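Student: I have a two-chain model open and want to learn how to read its features. Can we go through them one by one?

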Amino acid sequence: MNISRFKALGEGLLVPVAVLLLWQVACSAGWVNPMVLPSPAAVAARWWSYLAPLEAYDPATESWIAWIFSGELIHDSLASLSRVVMGFAVGAGLALPLGLFMGTSDSIYRYVNPLMQLLRPIPPIAYIPLSILWFGLGNAPAVFLIAIGAFFPVLMNTIAGVRHVDSIYIRAARSLGASRLTIFRRVILPAATPYILSGARIGIGTAFIVVIVAEMIAVNNGLGFRILEAREYFWSDKIIAGMLTIGLIGLAIDLAVSRLNNHLLRWHRGLES
Amino acid sequence: MPIAAPLAASPAPSAAALADAARPHIVVSGVDKRFVIPGGEIVALKDIDLTINEGEFVCLLGPSGCGKSTLLNAIAGFSAPTTGTITVDGRAVKDPGPDRGMVFQEYALFPWMTVAQNIAFGLEIKGMSRAQIEPKVNELLAMLKLAEFRDRFPKDLSGGMRQRVAIARVLALDSPVMLMDEPFGALDALTRRSLQDELIRIWSATGKTIVFVTHSIEESIYLADRIVVLTYRPGTIKRDIKVELPRPRDSASTAFNELKRELSALVTAEQHRFEEVEVKGLTTD
Ligand SMILES: Nc1ncnc2c1ncn2[C@@H]1O[C@H](COP(=O)(O)OP(=O)(O)OP(=O)(O)O)[C@@H](O)[C@H]1O
Ligand SMILES: [Mg+2]
């Protein structure tokens, strides 16, 4: 650990800590109604009880690992995350091959692109009524909505990535004797990877937004469901605890994805790691 | 001492003059290349007849826009001539292929491959096994002084290093023809000279036929057996000059500079026409 790292950390924490203090003071002094804005201490306490196991540890019925993870927060987080993963897998899994086809073949592009341009501006949220009509309630509509959220960023970036491959690489590969398939696999695909990965990153971000909305509507667990449920009981401390959890998980996902990007793109000029 | 034997402007006798023991390797005959542009046409090449013999080192020289790259790309098979034919080894050129290795000015290394992977790529395409590729790559890495950079990505190399990798990548194919489009244009003078020397060394060792595009008169005299000067719009062959200076060539020698003066006059005339067209916006077509 060097000093400048500490310094950067200190600088980064300064404003959040100040805000927290001000918030606590405002609540302790009674300037705000705790129903409207609970104090940070109350939120932290609530967050802890939300995280902690609901029942006392009983070795007879379960292992201690299962017990540690038996809290409501953990369940909700895992439920939300698994929906993000499923929805993203479906959306990106369809967008990637379609984008590769549309990027490499001008005729496919000409036929399919107008439809995509028409559908793209429709926000995933606007699909909610239709998704419930089609899939009822439960995981299916949630996954559908998330898939739509992830689909377009991945599609658009994949097309752009394939179309922007510098023709000099293709010419070099051809003069080395590469077949069309080899050019696709060894040149076009890796050259398009930076675009595809940034599309995936945007797609995951969208998926994370959509999962919260979908859970408020279609299912009865997950972080989105939980904060809406808390509103019915006027548990503003639990709402804020849930929101903070959403923020932390989003941050963790983005960090993980950017780590992965840096590794996969270690050849890329724009990235110095 | 006959240092430079200017050949007649018409190509037929020039080919004959060289033909004693030499075998024609690249034959360009009656080639025109026209580009259709909005509101007209650019005649990039006109009536090009050029025979390059096996093992010859030929420089294509001329100012910017005179069609050097167009001619080289036609030989490489990237774009077909509008009229005329090009044969390499007696076979008509239709597509680019590994028998004509190409070194680009922009290096064109695959940035997602390491140095060693770039060099191995052409060999993998050929279908060689790992066990065959490995020693060949190592040999080329050693030959071009790249051994310690084998696992680096191109972004971490200097321009000179990158061009070395590009040359190694083409050498790996063992192609009898090497086409080079201003490969050293972006390098500083010292790096360029050392790569020129290396190229001459490789060329003498391997006996490849090399077509080398440059707009540097100095570079063409330093390297070539033969310098083909092109005219600007339409691109025709203005002069075909044989360089008979002994190697290694001394760019400070009188003979070198005499030739340089002669070529300067030829190229400058074309450069003026270039400026008239491109700068003052007149057209000659
Ligand atoms: N694809 C194209 N479409 C239209 N015009 C072209 C095209 N390619 C080349 N030209 C024109 O043909 C002429 C010859 O171009 P070329 O690239 O062969 O020149 P060059 O001698 O290689 O020049 P430089 O030294 O700048 O590379 C130029 O006037 C150029 O504008
Ligand atoms: Mg050129």
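Tutor: Start with secondary structure: helices (H or I, at least four residues) and strands (E, at least two) are DSSP runs, numbered from the N terminus. Over residues 77–261 of chain A the chain is 85% helix and 0% strand. The end C-alpha atoms of that span are 24 Å apart. UniProt lists those residues, in an unreviewed entry, as "domain: ABC transmembrane type-1". UniProt positions follow the numbering used here, feature names are shortened, and annotations may be inferred rather than shown by experiment.

Student: What should I know about the model itself?

Tutor: It is a predicted model: local features need pLDDT of at least 70, side-chain atom pairs count only at pLDDT 80 or more, and totals for chains, interfaces and linings use all residues. Residues are numbered from 1 along each chain as its sequence is written, chains are lettered from A and ligands numbered from 1 in the order in which they are written, and side-chain values use heavy atoms, with hydrogens and water left out.

Student: Where does UniProt place the "transmembrane region" feature in chain A?

Tutor: The unreviewed entry gives residues 84–103, 115–136, 142–162, 195–219 and 239–257. Take two of these spans. Residues 142–162 of chain A are 100% helix, with end C-alpha atoms 30 Å apart. Residues 115–136 of chain A are 59% helix and 0% strand, and their ends lie 26 Å apart.

Student: How do I read burial, say for helix H10 of chain A?

Tutor: H10(A) covers residues 223–232, and seven of its 10 residues are buried, so it is largely enclosed by the rest of the structure. Among the buried ones are Phe225(A), Arg226(A) and Glu229(A). Their cover includes helices H2 (40–51), H4 (72–104), H9 and H11 (236–264) of chain A. Just after H10(A), Phe234(A) takes a positive phi of about 60 degrees.

Student: And which residues of the largest nonpolar core touch the most other members?

Tutor: A nonpolar core is a set of buried Ala, Val, Leu, Ile, Met, Phe, Trp, Tyr and Cys residues joined through side-chain atoms within 4.5 Å. The largest has 56 residues, and Val28(B), Ile48(B), Leu50(B) and Phe110(B) touch the most other members. Helix H9 (residues 180–217) of chain A gives the most to this core, with seven residues. A second, separate core of 54 residues includes Leu195(B) and Phe256(B). For contacts, the rule is heavy atoms within 4.5 Å. Beyond four places in sequence, the contacts of Leu50(B) include Val28(B), Leu71(B), Arg226(B) and Asp240(B).

Student: How do the strands around S10(B) pair?

Tutor: Two strands pair if DSSP finds at least two bridges between them. Strand S4 (residues 57–61) of chain B runs parallel to S10(B), over four bridges. One of the bridges joins Val58(B) to Arg226(B). S10(B) and strand S11 (residues 237–243) of chain B are antiparallel, with five bridges. There, Ile227(B) partners Ile241(B). S10(B) and S11(B) form a hairpin with six residues between them, and Arg233(B) in the turn has a positive phi of about 40 degrees.

Student: Is S10(B) covered on one face or on both?

Tutor: Both. Arg226(B), Val228(B) and Leu230(B) are buried on one side, Ile227(B) and Val229(B) on the other.

Student: What describes a ring pair?

Tutor: The distance of the centres and the angle of the planes. Rings of Phe, Tyr and Trp (its six-membered ring) pair if their centres lie within 6.5 Å; planes under 30 degrees apart are stacked, over 60 edge-to-face, the rest tilted. The count is 17 aromatic pairs over all chains. Tyr57(A) and Trp67(A) have centres 5.3 Å apart and planes at 45 degrees, so the pair is tilted. Tyr57(A) is partly exposed at 36% relative accessible area, and Trp67(A) is partly exposed at 23%. Ring pairs also link Tyr169(A), Trp267(A), Phe110(B), Trp112(B) and Phe121(B) into a cluster.

Student: And charges over rings?

Tutor: The test is NZ of Lys or CZ of Arg within 6 Å of the ring centre and within 35 degrees of the ring normal. Arg171(A) sits over the ring of Phe78(B), 4.8 Å from its centre. Arg193(B) lies over the face of Tyr222(B), at 3.7 Å from the ring centre.

Notes: Buried means under 20% relative accessible area, exposed over 50%, partly exposed in between (1.4 Å probe, protein chains only).
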